[in-house]
Every structure is written in structure tokens, then in C-alpha cells.
Amino acid sequence: MPYPARCPARNLNGRMCSHRAGQGTNHPGYGTCIWHKGGQRHVEEAWAMAHEIAANQNVTPHEALLDLVRTATGRAAWVDNVLAQQMRDHVEAGGDPLKPPKSLNQWLAQSRLERKLAAATAKQAVDAGVMVALERRLDMEGELVASALAAALDALELDSDRRMLALGAAQQHLLGAGVPPNQPE
């Protein structure tokens with residue numbers, strides 16, 4: 001499903017921006033327009049990087065930006081795991097949990113650096129309008145699934161009780177329970 005061609009931002013009155021995505025920027029057709037942070041240097045850089053990655057990996061620029069955020073947060077989590085493991089080893093060896101060894105200082109500094117990078121990457125993605133576009137896409141996909149389900153139920157010509165049972169089963173499945181109502185587990 002293609003991403004919307006409109007700027008994903010909302011105006012102060014809460015309405016969707018009427019400008020085209022990326023209008024007045026170096027990334028026309030993607031992200032926010034010039035009036036909604038689209039022309040800021042870090043947003044322009046994020047879209048340039050996203051387009052390069054998208055071309056290399058055969059994904060959309062939106063997916064490329066989200067992948068950058070996932071990678072940055074994954075790196076931060078990895079460093080934190082190393083830090084936690086070294087702290088566990090320190091405590092298991094009889095060390096004071098309130099006084100980490102000096103050897104952890106480099107990992108603490110790296111953890112702060114990775115978190116800062118992850119936050120900056122996430123901000124670039126948000127400012128570029130990726131989250132709003134993703135939210136809009138998910139809404140459209142949800143509406144499509146709901147209308148397809150309604151059409152299928154209409155075609156079956158179910159009475160209201162059977163229709164409600166079918167909708168309840170679908171709801172339970174979508175909520176992760178996976179077990180239809182009135183069915184043994």
C-alpha cells in the first residue's frame with residue numbers, strides 16, 4: 001500500500017496539512033512539508049539517508065528510517081546487556097553492587113552515547129513524519145481488514161447471533177487471545 005502523498009502533519013486546528021508530502025524540501029513525496037519541519041537540516045539528512053538505504057535494501061524510505069531507529073535502539077540495548085552482565089559478574093565475584101569497577105566506566109560512557117544516538121535517530125524519524133505516516137497506513141489497513149470481514153460476513157448471510165459470535169471470535173484473535181469465545185481452551 002503506498003504511503004499518502006500529503007504531508008502527514010496536522011495544523012494547529014487539528015486538521016491534516018493540505019500540502020503535498022515533502023513540498024518545498026529536497027524529499028518531495030515523502031515526509032513533512034517545508035512548513036512542518038520538513039526543511040530542517042536533520043530531517044533532510046534523514047530522508048537522504050533513508051532513500052540511499054531504501055535503494056540498497058529494496059524497501060520504502062519510511063521502512064528504512066524505521067530500520068535505522070530499530071538498529072540504534074538495538075545497539076543501545078546490546079551495550080546495556082554487556083554492562084548488566086559485567087555488573088552481575090562483579091557482584092558474583094564478591095564486589096559491592098553500589099561500587100561498580102572502573103572497567104565499567106567505558107561501558108557506561110558507551111551506553112550514554114548509544115542512547116543519545118538512538119534518541120537522535122528516533123527524533124529524526126518523528127520529525128520526518130514517519131510515525132504519522134505509519135499510523136495513517138495502519139489505520140487504512142485496519143479499515144480495509146474491517147471492511148473485508150464485514151463483506152465476508154454479509155456474504156454468509158448470518159443471523160445476528162451468529163454474526164456477533166463471528167465478530168467476537170475475530171476480536172479475540174486480534175487481541176491475541178487466539179481462542180474463539182464459547183470454545184474450550
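**View 1. Helix H4 from end to end.** Helix H4 has 27 residues, and its first and last C-alpha atoms lie 39 Å apart, close to the 39 Å expected at 1.5 Å a residue (the expected span is 1.5 Å times one less than the number of residues). Helices here are DSSP runs of H or I with at least four residues, numbered from the N terminus. Before you look further, note that this is a predicted model, in which local features need pLDDT of at least 70 and side-chain atom pairs count only at pLDDT 80 or more, while totals for chains, interfaces and linings use all residues. Residues are numbered from 1 along each chain as its sequence is written, and side-chain values use heavy atoms, with hydrogens and water left out.

**View 2. The buried residues of H4.** Look here for Val-130, Ala-133, Arg-136, Arg-137 and Leu-153, which are buried in H4 (buried means under 20% relative accessible area, with a 1.4 Å probe and protein chains only). Their cover includes helix H1 (41–57), helix H2 (61–92), helix H3 (105–127) and H5.

**View 3. H4 packing with H5.** Helix H4 (residues 130–156) and helix H5 (residues 160–174) have axes 11 Å apart and pack at an angle of about 150 degrees (axes are lines fitted to C-alpha atoms over the stretch in contact, and angles run from 0 to 180 degrees between N-to-C directions). That angle makes H4 roughly antiparallel to H5 (the term covers angles over 145 degrees). On the H4 side, Leu-149, Ala-150, Leu-153 and Asp-154 make the contact, and on the H5 side Arg-163, Ala-166, Leu-167 and Ala-170 (contact means heavy atoms within 4.5 Å).

**View 4. H1 crossing H3.** Here the axes of H1 and H3 come within 9 Å and cross at roughly 90 degrees. This makes H1 roughly perpendicular to H3 (65 to 115 degrees). From H1, you can find His-42, Val-43, Glu-45 and Ala-46 meeting Lys-123, Gln-124 and Asp-127 of H3.

**View 5. His-90 and its surroundings.** Now turn to helix H2, where His-90 is found. His-90 counts as buried because its relative accessibility is 17%. Apart from neighbours within four places in sequence, His-90 is in contact with Gly-95, Asp-96, Lys-99, Pro-100 and Pro-101.

Terms used
Helix = DSSP H or I, 4+ residues; strand = E, 2+ residues; numbered from the N terminus. Parallel < 35°, antiparallel > 145°, perpendicular 65-115°, else oblique. Buried < 20%, exposed > 50% of the residue type's maximum accessible area, 1.4 Å probe, protein only.
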